[in-house]
Amino acid sequence: MWLPCGCTSKYVASSFARRTLASYLHVSGRSRCNVAAFMPEAAGLEGVSGRAALRELSVSNSESFWAAVARHRLCWSTPFHTVQDCDLSRGKIKWFEGGKLNVSVNCLDRHVHTCPERVALIWERDERGSEMKYTYGELLEMTCRLGNLLRRHGVKRGDCVTIYMPTCPLAVASMLACARIGAAHNVVFAGFSADALAERIRDAQSSTVITVNQGVRGGKVTELKKTVDTAMQSCPTVKQVFVAMRTDNPVTMTARDIAMEEYVFSYHDGDVFGCVADIGWITGHSYVVYGPLANGATTVLFESTPIYPDPGRYWDMVERLKINQFYGAPTAIRLLLKYGDQWVNKYDRSTLKTLGSVGEPINTEAWEWYHRVVGDGRCPVVDTWWQTETGGICIAPRPSDPDAEIVPGMAMRPFFGINPVLMDTEGEVLTSNNTSGALCMAQPWPGMARTIHNNHQRFIDTYFQPYPGYFFTGDGAYRSEEGYYQITGRLDDVINVSGHRIGTAEIEDVVNQCPAVAESAVVGYTHSIKGQGVYAFVVLKKGIDVQEADLSRQLNGMVSEKIAKYASPDFIQFAKRLPKTRSGKIMRRVLRKVVESDLEGLGDLSTLDDPAAVQEIIQGHEKLLSKNRS
């Protein structure tokens with residue numbers, strides 16, 4: 001039995017809503033800026049004759065703008081009566097009050113009504129050349145069957161289901177099934193360890209987990225079911241675990257486990273939006289699942305790695321699947337750049353129209369290689385800035401006028417309805433150009449976060465207290481003379497490793513669990529491939545006599561097991577002491593300057609308890625670098 005659609009024809013979006021997300025990404029290809037071509041509802045907005053006018057209206061009259069978008073692009077079972085009720089000074093975010101809709105219906109049903117045979121998903125499996133295609137009709141059936149299965153086993157509206165799966169069609173259907181029955185989903189990256197998974201299950205208070213027997217990535221098999229079994233030992237709230245089969249290898253099933261049948265569907269053709277992010281991260285949520293499907297696009301599910309079985313994997317996929325828009329991370333681009341042009345030129349990339357970059361700022365060298373080699377100098381590179389908290393792209397070079405310039409390494413232009421500002425250290429808005437400051441948002445938008453699950457006060461303290469009346473992104477930014485924005489990096493203690501954000505405190509907590517460690521401090525540093533690397537300073541307890549190499553391997557293993565492999569320190573420097581203020585606070589600012597070899601930027605050290613500790617750290621750093629060069 002299928003779940004009801006719950007969408008009356010009166011509120012079904014018109015046919016333009018089926019346009020793909022790509023329509024906004026490659027608007028640059030048109031001879032003139034036809035706003036209605038990528039935003040048809042703009043035709044009903046008075047006085048809007050071009051992109052600049054539309055952008056101005058989206059900020060100055062945001063209610064009219066977002067109301068038009070919401071009414072035309074979404075399918076409402078009950079229309080909203082109030083567009084917004086927001087107060088950034090109080091962390092109050094409310095949009096479209098009174099309205100009722102279902103995101104699963106918006107992603108599936110309305111497209112099935114008009115084009116059930118359109119390809120929704122192309123699953124680029126780890127095994128090259130074995131891609132599988134799923135139509136909107138097939139994805140809807142899979143979602144409904146899974147939703148009914150969850151309901152039969154007691155999952156109800158308001159429950160939170162943890163999804164610990166590789167990027168695959170069943171994972172997408174699991175997300176949509178949860179949304180369909182009113183349950184929240186907690187998608188956990190399948191590279192996380194048992195401890196990290198367990199912590200996220202407990203935080204979400206999940207009673208249901210969905211996983212697979214094994215994952216396959218880069219030719220390697222990962223024991224996801226075994227990881228879940230280990231996590232269950234510290235997750236008493238979990239009552240049931242649904243297990244699907246990604247491989248043919250059987251796994252041990254307990255009384256808590258429920259086997260799920262495999263769905264296998266036929267192959268179909270279709271245009272392709274290729275975002276290669278994992279669904280365990282926000283990019284996968286917004287630009288692999290919900291964004292493309294809500295717009296009726298065909299989206300790629302990439303299960304493998306960019307260098308398996310060789311560094312031509314992405315471009316082979318572009319040729320086979322005829323990808324039109326390619327959206328990936330700078331860390332992968334930097335990695336592939338090192339392998340040379342031949343792996344790119346080996347494959348036909350003529351279908352590509354736009355190249356996107358997401359997850360971290362892209363450096364100029366990588367940008368130029370991406371544009372010149374991958375895109376043959378004809379595809380614009382869209383360096384997008386956004387965050388988990390923003391829900392979707394906020395600053396990007398496109399959409400813009402067709403002849404508008406794109407500057408390498410800059411996010412550049414605010415998206416519609418986004419009003420960024422730069423703040424100085426005194427909390428004042430910087431109004432001039434050619435200046436840097438803390439990046440904040442001056443007004444709300446529908447895609448922004450509403451709260452932190454079970455901790456709204458933390459939401460307020462983190463995003464609205466630092467600069468009252470503004471949303472604080474945690475990033476620093478530079479605004480050029482032309483008014484373009486360039487993201488300069490994090491202002492808080494968060495490291496961005498290959499697009500994965502990890503708190504330094506989380507790594508320190510694991511390192512400090514080692515019986516030999518007295519204390520530690522972790523900082524990020526510029527890494528040519530990963531964007532940022534992890535550098536750990538470790539102070540041992542007195543009387544400890546161990547080989548530093550052995551202890552380094554032990555600490556890396558602990559971090560890999562407790563968090564994930566990508567969080568393991570690239571460098572571990574053992575020190576007698578750490579530079580601290582007189583109140584005992586570790587001066588991480590100083591440590592970052594040492595690691596970046598910016599000794600002239602150390603600044604005022606008068607607040608340190610013992611400035612001599614800095615010189616010890618500098619000498620230890622130089623010794624470690626010298627050792628790694630030899």
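**Aromatic rings and their neighbours**

Ring pairs join W445, F459, Y463, F464 and F471 into a cluster. The model is predicted, so local features require pLDDT of at least 70 and side-chain atom pairs count only at pLDDT 80 or more, whereas totals for chains, interfaces and linings use all residues. Residues are numbered from 1 along each chain as its sequence is written, and side-chain values use heavy atoms, with hydrogens and water left out.

In total, the structure holds 29 aromatic pairs. Rings of Phe, Tyr and Trp (its six-membered ring) count as a pair if their centres lie within 6.5 Å; planes under 30 degrees apart are stacked, those over 60 edge-to-face, and the rest tilted.

A tilted pair is formed by W315 and F326, with 5.3 Å centre to centre and 50 degrees between the planes. This pair links distant parts of the chain: W315 belongs to helix α11 (residues 313-321) and F326 to strand β14 (residues 323-328), 11 residues apart. Helices (H or I, at least four residues) and strands (E, at least two) are DSSP runs numbered from the N terminus. W315 is buried, because its relative accessible area is 0%, and F326 is likewise buried, at 1%.

Charged side chains also meet rings. R125 lies over the face of W123, 5.4 Å from the ring centre, and R200 lies over the face of F192, at 4.2 Å. A charge sits over a ring if NZ of Lys or CZ of Arg is within 6 Å of the ring centre and within 35 degrees of the ring normal.

Definitions and conventions:
Buried < 20%, exposed > 50% of the residue type's maximum accessible area, 1.4 Å probe, protein only.
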